[in-house]
Amino acid sequence: MRVSAKADYAVRACAELASRPGGESVPSEVLAEGQGIPTSFLERILGDLRRGGVVVSVRGRSGGYLLARGADEITVADVIRAVDGPLVTVRDVRPPGLTYEGSATALLDVWVALRASVRDVLDVVTLADVVGGDLPEAVRALAAREDAWQNP
């Protein structure tokens, strides 16, 4: 699985929003500066996040962006889906839409298992977990595995 720059920036921007106290809107320039993200790229990402129901925009002099729901209700998967679409695709097709024959028949189960594994992490980690540094135990256990940090 590859996490795009767009998805990485989107999650970081949402974490930045989640870390702001008081529920005040944050201008895109401030979000960009806080995470070292190019402003013009972030503005397009924020548009995708708004259309995806993850953030809301506030107009006016004190305008900017807010999370559409509480940080404890928005998962990393919600953010990624809003900017990149489905979490796992093969040739831009979701695994259940694939068919394989002959010696590759079992490959479909591999892709479905991959999708389930990705969901097991991204659908349970919320923005509040990221900002608070308190990840679910199952995610911490996966990250603590020695082989998780090795590049084969």
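# Chatting about helix H4 and its neighbours

Q: At what angle do helix H1 and helix H4 pack, and how far apart are their axes?
A: Helix H1 (residues 5-19) packs against helix H4 (residues 76-84) at about 130 degrees, and their axes are 9 Å apart. Axes here are lines fitted to C-alpha atoms, for helices over the stretch in contact, with angles running from 0 to 180 degrees between N-to-C directions. Helices are DSSP runs (H or I, at least four residues), numbered from the N terminus.

Q: What kind of model is this?
A: It's a predicted one: local features need pLDDT of at least 70, side-chain atom pairs count only at pLDDT 80 or more, and totals for chains, interfaces and linings use all residues. Residues are numbered from 1 along each chain as its sequence is written, and side-chain values use heavy atoms, leaving out hydrogens and water.

Q: Back to H1 and H4, what do you call their arrangement?
A: H1 and H4 are oblique to each other. Under 35 degrees counts as roughly parallel, over 145 as roughly antiparallel, 65 to 115 as roughly perpendicular, and the rest as oblique.

Q: Which residues meet there?
A: From H1 you have Lys6, Ala7, Ala10, Val11 and Cys14, and they meet Val76, Val79, Ile80, Val83 and Asp84 of H4. Contact means heavy atoms within 4.5 Å. By class, this contact has eight nonpolar, no polar and two charged residues. Ala, Val, Leu, Ile, Met, Phe, Trp, Tyr, Cys and Pro count as nonpolar, Asp, Glu, Lys and Arg as charged, and the others, Gly among them, as polar.

Q: OK, how do H3 and H4 cross?
A: The axes of helix H3 (residues 39-51) and H4 cross at roughly 110 degrees and come within 8 Å. That makes H3 roughly perpendicular to H4. Ile45, Asp48 and Leu49 of H3 make the contact with Val79, Ala82 and Val83 of H4. Five of the residues in the contact are nonpolar, none polar and one charged.

Q: Which H4 residues are buried?
A: Val76, Ala77, Val79, Ile80 and Val83 are buried, meaning under 20% relative accessible area (1.4 Å probe, protein chains only).

Q: And why are they on the same side of H4?
A: They cover an arc of only 160 degrees around the axis, so they end up on the same side of H4. The arc is that of the directions from the helix axis to the C-beta atoms.

Q: What do those buried residues pack against?
A: They pack against H1, H3, helix H5 (107-122) and helix H6 (127-132).

Q: What follows H4?
A: Gly85 does, with a positive phi near 85 degrees.

Terms used:
Helix = DSSP H or I, 4+ residues; strand = E, 2+ residues; numbered from the N terminus. Buried < 20%, exposed > 50% of the residue type's maximum accessible area, 1.4 Å probe, protein only.
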